[in-house]
Amino acid sequence: MAEQKARTGGCICGGVRYRISGPIKQIVACHCRECRRMTGHFLPSTDVWNEHFELTETRDLGWYRSSPKSRRGFCKTCGCSIFFRTDNAEKISIAAGSLDDGCDGEIRIAAHIFTAEKGAYYDLDGAPAYEDGGDSVPMPPRD
Ligand SMILES: [Zn+2]
Ligand SMILES: [Zn+2]
């Protein structure tokens, strides 16, 4: 694997912390009703392979089963919405806003998904937009 700096992130209060040891995907912003309710706006997130992801603090981590096949991870103390994981998936989605370095410009919003459910009170930027969950943003190299 190419030399990769470790990234860290977590919630506001420190009850949930994680570490990423591999490359991360460009950001996909989800505008579905559920993400909008969960975050208060919409959910820009990156994806990482499971083997590049490690929880380093789980004291306040809660999982909400948001569908028969997926769960959302959040902080039970400060309320931050941080993770989305499809059961048995080989990757985990991480809210871009939870990264410590604010993504430092290396990753940008590369697609908008579920725009059919987007709020009427905001406009999208120029990134490709998809009415459903299909997006063409590739996962980063695995090793
Ligand atoms: Zn917290
Ligand atoms: Zn969504």
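**Contacts, zinc sites and a sheet in a predicted model**

Reader: Which residues does P128 touch, not counting residues up to four places away in sequence?
Author: This is a predicted model. A contact here takes heavy atoms within 4.5 Å. With sequence neighbours up to four places away left out, P128 touches A110, A111 and H112.

Reader: Where is the place of P128?
Author: Strand β10 covers 109–113. P128 comes later, in the segment after β10.

Reader: Is P128 buried or exposed, or partly exposed?
Author: Buried needs under 20% relative accessible area, and exposed needs over 50%. P128 has 42% relative accessibility, so the residue counts as partly exposed.

Reader: How many Å apart in space are P128 and V28, C-alpha to C-alpha?
Author: In sequence, P128 and V28 are 100 residues apart. In space, their C-alpha atoms are separated by 9.9 Å.

Reader: Which atoms are the protein donors of the zinc ion (ligand 1)?
Author: The donors lie 2.2 to 2.3 Å from the zinc ion (ligand 1). Their residues are spaced C-x1-C-x61-C-x2-C in sequence. The donors are C11 (SG), C13 (SG), C75 (SG) and C78 (SG).

Reader: What is the site of the zinc ion (ligand 1), given the angles among its four donor atoms?
Author: Four donors count as tetrahedral if all angles lie between 85 and 135 degrees. At the zinc ion (ligand 1) the angles are 106 to 116 degrees. The site is tetrahedral.

Reader: How many residues apart in sequence are the parts that C11 and C75 tie together?
Author: Both C11 and C75 are buried. C11 lies in the loop between β1 and β2, and C75 in strand β7 (residues 70–75), so the pair ties together parts separated in sequence by 64 residues.

Reader: How are the donor residues of the zinc ion (ligand 2) spaced in sequence?
Author: The zinc ion (ligand 2) is coordinated by C30 (SG), C32 (SG) and C35 (SG), at 2.1 to 2.2 Å. Of these residues, C32 and C35 are buried. The spacing in sequence is C-x1-C-x2-C.

Reader: What is the bridge partner of I20 in β5?
Author: Strand β2 (residues 17–20) pairs with β5 in the antiparallel sense, over four bridges. In β5, I20 is partnered by F53.

Reader: Which residues does G15 touch, not counting residues up to four places away in sequence?
Author: G15 lies in the loop between β1 and β2. G15 has a relative accessible area of 0%, so the residue is buried. G15 and E57 are 42 residues apart in sequence but 6.3 Å apart in space, C-alpha to C-alpha. G15 touches E57, T58, R59, D60 and L61.

Reader: Is D60 buried or exposed?
Author: D60 sits in the loop between β5 (53–57) and β6 (61–67). Its contacts include C13, G15 and C75. The relative accessible area is 13%, so D60 is buried.

Notes: Residues are numbered from 1 along each chain as its sequence is written. Chains are lettered from A and ligands numbered from 1 in the order in which they are written. This is a predicted model: local features need pLDDT of at least 70, side-chain atom pairs count only at pLDDT 80 or more; totals for chains, interfaces and linings use all residues. Side-chain values use heavy atoms; hydrogens and water are left out. Donors are N, O and S atoms within 2.8 Å of the metal (3.2 Å for Na, K and Ca); water is not among the atoms, so sites may look incomplete. Buried means under 20% relative accessible area, exposed over 50%, partly exposed in between (1.4 Å probe, protein chains only). Helices (H or I, at least four residues) and strands (E, at least two) are DSSP runs, numbered from the N terminus. Two strands pair if DSSP finds at least two bridges between them. Four donors count as tetrahedral if all angles lie between 85 and 135 degrees; four count as square planar and six as octahedral if opposite donors are over 155 degrees apart and all others between 65 and 115; anything else is irregular.
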